[in-house]
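Please examine the chain shown below. The briefing that follows is arranged by topic.

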Amino acid sequence: MAPRLDLDGRCIQPLKICIIGAGGFIGSHLCEALLWNTEHSIIAVDIFCDKIQHLLSPGEEWSNRIDFFMINIKHDPQTEKLIKISDVVINLAAICTPADYNTRPLDTIYSNFIDALPVVGFCRDYKKRLIHFSTCEVYGKTIGSFLPKNDPLRQHPNFYVLKEDESPCIFGSIDKQRWSYGCAKQLLERLVYAEGAENDLKFTIVRPFNWIGPRMDFIPGVDGPSHAVPRVLACFSMALMKEEPLKLVDGGKAQRTFCYIKDAIDAVLRIIENPDRANMRIFNVGNPMNEASVKELAEIMTDVYCKISGKSKPNMTTVDISSKEFYGEGYEDSDRRIPDMKLVTTELEWQPTTSLHDLLEFTLVYQHKTYSQAVRECISKKLST
Ligand code: NAD
Ligand code: UDP
């Protein structure tokens, strides 16, 4: 492999990277990119390893560069030892499915704040660089969402574009427990920032904006609990495979920007390998060109899935459902999420390239190949009982 250079033309030295939450969606793609495209080695920590199993079998060219530790960071003393022997720590561990925020608010707050505290403390004490995964949800609602519906200012970027150094974090009232996640993430960001300011912790905070791709979440009843509710990609994929209408929460009017996981991982690699540019910073990582309402997302996914699977488009593709019925009491939504891109483009020279249509096609090909047979078997099992 030719020597890899950082953005300032310097040779990149191999690092030992401790990835906590390595077995999840983002973790699995990050591990692949690090093992296949770099010389860094990985200490992979998670409670599960199904999504990185293909990277853990012995005899591969990269096998001596990854060690997996089945550890729950909540109570395992090994966490400290693993951080101590690493050069960089990346913390991805979290409960991060919206269906949990209002129904399991304590688990959500513990997972996203309390459980992450020792990791921050060990990084501070052992002088390790920390790359912490936060969320675009720390922004909460846009300022524009408080203006009257037809106010022209709603169309002005100042009222909806989310800027790392300027935008406020706007959450709903405490009984709207949806915000337990964004609020816990925000407090952790503030703590990491304060450790940087007062104790010289070297940190980068990443705010992902709806990264999407293969291995995201699970299909209920196939590789996850049948009554659990994953994020929208898996909900819609499952409905498409079952040939059921896609459920639009509160009419599907919320807007999101979707970023292909492989584009996003390129930004994470730049963060890892360019500490001088990334330290003491918070980065939005998303794709503002890929904005769609959830209703539009449902329409595009239906068209793409019909093309991939060869099925004809059903008469009724979507059905409206209230957020109370779908998520239960205490749900409230982020209205719109457009990342300001100035920092990632100037500091990391990064731009996402995959269009919404392409990323949905790549992802739905994977979903169809991985799950459609199992979904069919689940349906016929149910019918025969
Ligand atoms: P994920 O659920 O697929 O991955 C999280 C991983 O952390 C899981 O494998 C889980 O088993 C592990 N984990 C959780 N608690 C743990 C513990 N106590 N000990 C050890 N491992 C533990 O989620 P993801 O989509 O890969 O997200 C990773 C991070 O990025 C999270 O912090 C999330 O809040 C943030 N994020 C992701 C997105 C996105 O678009 N995917 C958006 C916003 C924020
Ligand atoms: N959503 C929906 N139908 C579903 C699942 C989700 O309409 O079956 C909506 C949800 O209310 C939100 C958006 O899709 O407005 C994105 O939800 P996701 O779970 O992916 O996470 P979020 O972007 O809110 O963090």
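**Charges and overall form**

The mean positions of the 45 positive and 51 negative charges of the chain lie 2 Å apart. Lys and Arg count as positive and Asp and Glu as negative, while His and the chain ends are not counted; each charge is placed at NZ of Lys, CZ of Arg, CG of Asp or CD of Glu. The model is predicted: local features need pLDDT of at least 70 and side-chain atom pairs count only at pLDDT 80 or more, whereas totals for chains, interfaces and linings use all residues. Residues are numbered from 1 along each chain as its sequence is written, and side-chain values use heavy atoms, leaving out hydrogens and water.

**Size and burial**

- Along its principal axes, the C-alpha trace of the chain spans about 60 × 55 × 40 Å.
- Of the 385 residues of the chain, 52% are buried (under 20% relative accessible area, with a 1.4 Å probe and protein chains only).
- Among contacts (heavy atoms within 4.5 Å) with a separation of 6 or more, 80% join residues 24 or more positions apart.

**Aromatic pairs**

- The whole structure contains nine aromatic pairs; rings of Phe, Tyr and Trp (its six-membered ring) pair if their centres lie within 6.5 Å, and planes under 30 degrees apart count as stacked, over 60 as edge-to-face and the rest as tilted.
- F133 and W211 form an edge-to-face pair, 5.9 Å centre to centre with 90° between the planes, and both residues are buried.
- Y327 and Y331 form a stacked pair, 4.0 Å centre to centre with 20° between the planes, and both are buried.
- Ring pairs link F326, Y327 and Y331 into a cluster.

Technical notes. Chains lettered and ligands numbered in written order. Buried < 20%, exposed > 50% of the residue type's maximum accessible area, 1.4 Å probe, protein only.
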